[in-house]
Amino acid sequence: MWGHSGQGLFGARRAGGLGSSSSWCTDAAPWRMTVQQQSAPVPPHLMMTCARGSSGPAATFGKHLVGKYLGIPVAAAAPNIATVYRRDLHMAGQFALFVSQSGQSDDLIEQARSARRGGATTAALVNDTHSPLAGECEFVLPIAAGSEQA
């Protein structure tokens, strides 16, 4: 997406998807070019993450990867700004990543809507690619972990 070839941040775009293959990392190569071609030519100055529960540590790990490999600072969202105070953040040209096993969390869904209204490019890292959260985001990255056993 931003940077040199092979440093793409995404693996899949909403249209088409990757199917149910467990080797989605290697299957992602054709999609990486699609995302690179359709993404902003200039990298964002900031990436925002939004996650709940056990997805929080995954978002934090992603923060370290993005910082190390792309040099983009990452900040965690405060979804109550969107859900309680009904305020959209100024996100034009920025990137927002939403991480959720189920894709059903109301606050993540509303934060995704708010980020898009604010001008962000949005992506959902979800297990259920047909979830409401996935439906709110421009890009969907399947976790492909199978049914949630909780």
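Two strands count as paired if DSSP finds at least two bridges between them. Helices (H or I, at least four residues) and strands (E, at least two) are DSSP runs, numbered from the N terminus.

A word on the model: it is predicted, so to speak of local features takes pLDDT of at least 70, side-chain atom pairs count only at pLDDT 80 or more, and totals for chains, interfaces and linings use all residues. Residues are numbered from 1 along each chain as its sequence is written, and side-chain values use heavy atoms, with hydrogens and water left out.

Let's start with strand 1, residues 47–51. Here is who it pairs with:

| Partner of strand 1 | Sense | Bridges | Example pair |
|---|---|---|---|
| Strand 2 (residues 74–76) | parallel | 3 | Met-47 with Val-74 |
| Strand 3 (residues 95–100) | parallel | 5 | Ala-51 opposite Val-99 |

Strand 1 is mostly covered, with 5 of its 5 residues buried (under 20% relative accessible area; exposed is over 50%, partly exposed in between, with a 1.4 Å probe and protein chains only). Met-47, Thr-49 and Ala-51 point one way, while Met-48 and Cys-50 point the other. In a regular strand the side chains alternate between the two faces of the sheet.
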